[in-house]
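Hello,

Here is the structure I promised to pass on. Please open it first; my notes follow below.

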Amino acid sequence: MNDIFLKACRREKTDRTPVWFMRQAGRYMKAYRAIRERYGLMEMFKSPDLAAEVTLQPVRAFPLDAAIIFADILLPLEGMGIGFEFHEKHGPVMSNPLRCAGGVESLRVADPEENLGFVLESLRRVRAELEGRLPLIGFAGAPFTLAGYAIEGGSSQNHLLTKQFMYNEPGAWNLLMEKLCDTLIAFLKAQVKAGAQVVQLFDSWVGCLSPSDYRRHVLPYSRRIFTELDREGIPSIHFGTATAGLLPLMAEAGGGVIGADWRVSLETAWRAVGASRGIQGNLDPVAMFAPVEILKSKAAEILNEASGRPGHIFNLGHGLLPTTPEDAVKALTDFVHEFRFTTDSCRGL
Ligand code: CP3
């Protein structure tokens with residue numbers, strides 16, 4: 001039973017730093033591509049057999065300290081009434097993006113069992129297969145990032161339509177964010193019932209906001225989700241990118257562990273969120289393409305910045321890129337495993 005990831009989520013002392021990777025299941029793995037050649041992405045998410053298999057591929061191949069369920073942040077949108085497809089080139093494309101207040105009125109709150117039962121079943125299968133050997137992470141997109149996809153109709157450079165909606169339609173924005181919260185709270189709780197031991201909230205694109213817009217238009221909703229998770233004692237990770245200026249506000253919104261990307265030093269990030277939180281991160285995903293000695297020295301820099309204080313979870317600052325060499329994932333995972341702090345270098349807090 002390897003529970004160092006769970007301990008780090010609770011900011012308990014561990015004898016080494018736990019490591020897992022966002023997008024650890026994916027195209028950089030030959031074994032994933034072999035399955036992906038035969039099935040569409042949605043087909044894989046909706047088949048608990050395939051989703052469980054793909055979830056387990058990286059934890060079999062590398063000595064990772066947690067598994068993350070193979071699903072996608074966009075899946076709850078379908079049950080709310082926003083259909084989408086994954087295009088090979090353009091990524092996700094919504095068939096009926098939200099462009100007016102009326103569109104929000106007609107959205108439903110998704111039901112976890114009815115609309116997302118396949119994710120819950122995948123969780124049950126993975127949890128049974130893991131037999132307690134490794135912890136299992138569940139996840140959801142945060143309300144802002146999901147609202148962004150729903151309004152833009154897909155990926156976006158500057159979230160112009162989303163911000164316009166937020167400024168021009170405060171009533172509809174509030175209703176949209178509340179419906180997303182209702183959907184996500186029920187979904188996250190159902191994931192925990194189905195076997196997830198920690199949940200991560202992905203607010204991947206929230207870094208496009210100014211601190212004052214975050215405080216006014218986003219924080220209250222993300223806080224609602226974390227308050228509900230805390231009430232049930234569910235350990236949580238709150239992740240975003242380009243958030244150096246938002247970290248204190250993200251911590252205020254909630255999350256026992258806060259994710260930091262590589263544009264901020266780990267030390268600065270930890271100071272920003274305060275000593276009562278853990279920190280997850282924060283290697284640049286592109287470092288995986290550097291010569292292995294450079295990769296290791298960059299990982300060592302991060303580990304030394306964390307200096308062994310309880311609550312550091314090693315990860316990248318964003319997901320593994322699809323062309324990442326598998327050898328680099330192996331080398332980095334082994335390196336983090338073998339890294340030990342001497343008593344002298346462990347400054348604690
Ligand atoms: O981390 C994991 O291994 C678990 C699985 C996982 C996926 N998506 C599978 C996936 C997780 C945690 C996600 C989260 C997700 N999905 C986010 C937040 C994390 C982040 O990257 O910021 C976002 C923004 C999405 C939305 C999404 N899904 C996009 C924009 C795309 C297309 C771009 C791309 O990478 O191809 C996806 C597709 C997707 N979701 C893939 C995977 C493995 C690509 C799969 C493929 O084509 O085979």
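Met 1 is exposed, because its relative accessible area is 65% and exposed means over 50%. This is a predicted model, so please read every value here as computed from predicted coordinates. Met 1 belongs to the segment that precedes α1 (4–9). Its C-alpha lies 5.9 Å from the C-alpha of Gly 132. In sequence, Met 1 and Gly 132 are 131 residues apart.

Now the ligand. The space it takes is the largest pocket. Around the ligand there are 24 residues. Those that come nearest are Arg 23, Tyr 32, Arg 36, Ser 204 and His 318. By type, the shell divides into 16 nonpolar, 4 polar and 4 charged residues. Two helices each supply at least two residues of that shell: α2 (30–36) and α3 (41–46).

- Arg 27 uses the side chain: an N or O atom in it is 2.8 Å from an oxygen atom of the ligand.

How much of the ligand does the protein bury? Taken alone, the ligand exposes 860 Å², and the protein buries 90% of that.

Best wishes

Note on methods: Residues numbered from 1 in each chain as written. Predicted model: local features only at pLDDT ≥ 70, side-chain atom pairs only at ≥ 80, totals over all residues. Heavy atoms only, no water. Near = heavy atom within 4 Å. Polar contact = N/O pair within 3.5 Å; in protein donor to acceptor, adjacent residues only side chain to side chain. Areas by Shrake-Rupley, 256 points an atom, 1.4 Å probe, with all protein chains shown as cover. 1 Å grid on protein atoms, 1.4 Å probe; cavity = no way out; pocket = protein on both sides within 12 Å on 5 of 7 lines; lining within 4 Å. Sits in = over half its atoms within 2 Å of the grid points. Helix = DSSP H or I, 4+ residues; strand = E, 2+ residues; numbered from the N terminus. Nonpolar A, V, L, I, M, F, W, Y, C, P; charged D, E, K, R; others polar. Buried < 20%, exposed > 50% of the residue type's maximum accessible area, 1.4 Å probe, protein only.
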